[in-house]
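Welcome! Take a look at the sequence and the model first, then read on.

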Amino acid sequence: MGEDPPNANEKHKSMKDALRKTATSLLLIVVIALVARCAFAGYEVRQISAQALSVVPFQTETGHIAYSIATGKGFSSPFQRDTGPTAWLAPVYPYLLAGIFKLFGVYTLRSFFAALILNILFSAGACVPIFYAGKRIAGLGVASAAAWLWALFPNAIIIPFEWIWDTSLSALLVAILLWATLALKEFGRVRDWCLYGFLWGIALLTNPAIAILCPVLLAWAAYQNRGSATGWFVRPALAAGITLLCCVPWTIRNYVQFHKFIPLRSNFAFELYIGNNENYDEQHRFRPGAVTQDREILRYLHMGETAFMEEEKRKAVAFIAAHPRIELWLVSERFVDFWLGTASPLAAFRQADSVWLFFVLACNDLAPLCMFLGIVVLLATKNSSALPIIAIPALFPLLYYVTHTSLRYRHPIDPVVLLLGAIGMHGIWRGFTRKSRKSSAADISAA
C-alpha cells in the first residue's frame, strides 16, 4: 500500500532516461549554442545601420591587412594607410578575412555577415571538443555540463558579433588542442601525431599567444606515450617538426621583408609599451594612459615597423627597470583584470545599468572562481589528466600579465575555464550528496 505500481515506476524511469539523454545530447547543445549566438547577432544587427555594419567592424588591424591582401597589396598596412609589408599579426585570420572580401566584396554588408557566420560557427563548434575533452577527464555528466556552459556563456554569445578577429577561432583551436592532447594518450599512431603537429602549426599561425602552451602539452602527450612502442620519442619529435615546418615559411617571409628574425608576429614591443609607459600616474595609481593611436600611427609611418618596434621596446623596458614597485602593482592589476574583466570589479557591479550587464559581469566573475574549484578537485582526486588542463589557465595569461589585458584576451581559454568550472561544480555536488547519504544512513541507523 502506498507504493507506485510497476508501470508508474517504469514510466518514471523512462522519463528520467529521456531527460538525461536530452541533457547530454551534444547535437542539441550545439544547436542551442548556434541559436543563442544568432539571436544575439540578429538583435544587434537591427540596432545598427547597414552602412556602419559594412565598414566599422573591419576598422581594425585585421580588417586593414585583409583589405590590403584583397586589393593586391599583400600582407601590409595594419593602419589602412599604405605603410608597406607588416608582421603585426599572424597570417591565418587576415587571409581568411581577405578571402571573404574576395568573395563578397571589400567592406560590404555581405562580407560582414559572412565573417559573422564564420565566427558563430567557430564559437558554437567549440562545444564539441570541450564535450569530448570533458568526457575523457570526468565523464558524461561533466562533459555535457561544460558544453552547456559554453553554449550559454554570455561572452561566447557576444564576442562573435563584437569582434571580427581571430578570437572565436582561437577559442575553438585551444579546445581542440586540449582534446587532441588527451586523445593522443589513447590513439598514438604516427598519423595522429602528424595531425597533432599540423594542428599546432595552424594554431600558432592564428594566435601566437598560444605558443606558451605548446611545449607543456606536447611534452605531457609524449610522456603518456613513452611505453607505447619502441622509439616512442620519434612520434612527438615528428609532431614538433611538423609544427615548426608549418611556421617556417612565414618566418622566412618576415626575415626577407624585415631582415630580422620575427618568428610569427612583430607587435609584442608595442603591446608591452601600451601597458608599461611614461603616462602612469603614480600619485593616483592610474594605469598607463591609453596610447593615442593617431600619435603612434604617425610615428609608425615616419619610422617604419622595425624601428618603431625597437623604440617601443626600449621605452617599455626602461619604464619597467626604473619602476619595479609600480610594475608589481601593474601586474597585480592585470591579473585581476584578466580574470574578472576589470581591475575594479565592485565598481563595475555598482555602475551596471542593466540586468543584462549585471548578468554578464556575474558570469565573468563566477567562471574563474568555479575554475579554481575545478583545479582543486582535479588535484585532490589525483586525476591523471590534470596537468594539461590546468596548464592552460596557468600559463596562457602570463603574456598579458606583463603587457596589458582585456576580457576578450581571456576568451581563447574560456572553453577550458568553463570545463574546469563544470569539474568544480560537479565535485561540490558529489561532496554534498555524499554527506546527505551519510546523514540519511545515520538517521536510519538511529531509528
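A salt bridge is a side-chain nitrogen of Lys or Arg within 4 Å of a carboxyl oxygen of Asp or Glu. Arginine 410 and aspartate 414 form one, with their closest N and O atoms 2.7 Å apart. Please keep in mind that this is a predicted model.

**Salt bridges**

- The structure holds 7 salt bridges.
- Arginine 189 pairs with aspartate 192, and their closest N and O atoms lie 3.1 Å apart. Here arginine 189 is partly exposed at 46% relative accessibility, whereas aspartate 192 is buried at 15%.

**A linked network**

- Arg299, Glu312 and Lys315 are joined in a network of salt bridges.
- About one helical turn separates lysine 315 from glutamate 312, because they sit 3 residues apart in helix H16 (residues 305-322).
- Lysine 315 is buried, with a relative accessible area of 18%, and glutamate 312 is buried at 0%.

**The nonpolar core**

- The largest nonpolar core has 111 residues, and those with the most contacts inside it are Leu97, Tyr196, Trp200, Ile389 and Leu419.
- Helix H10 (residues 167-183) supplies the largest share of this core, 10 residues.
- Leaving aside residues up to four places away in sequence, leucine 419 touches several partners, including Ile130, Ile137, Val142, Leu178 and Ile389.

Key: Residues are numbered from 1 along each chain as its sequence is written. This is a predicted model: local features need pLDDT of at least 70, side-chain atom pairs count only at pLDDT 80 or more; totals for chains, interfaces and linings use all residues. Side-chain values use heavy atoms; hydrogens and water are left out. A nonpolar core is a set of buried Ala, Val, Leu, Ile, Met, Phe, Trp, Tyr and Cys residues joined through side-chain atoms within 4.5 Å. Buried means under 20% relative accessible area, exposed over 50%, partly exposed in between (1.4 Å probe, protein chains only). Helices (H or I, at least four residues) and strands (E, at least two) are DSSP runs, numbered from the N terminus. Contact means heavy atoms within 4.5 Å.
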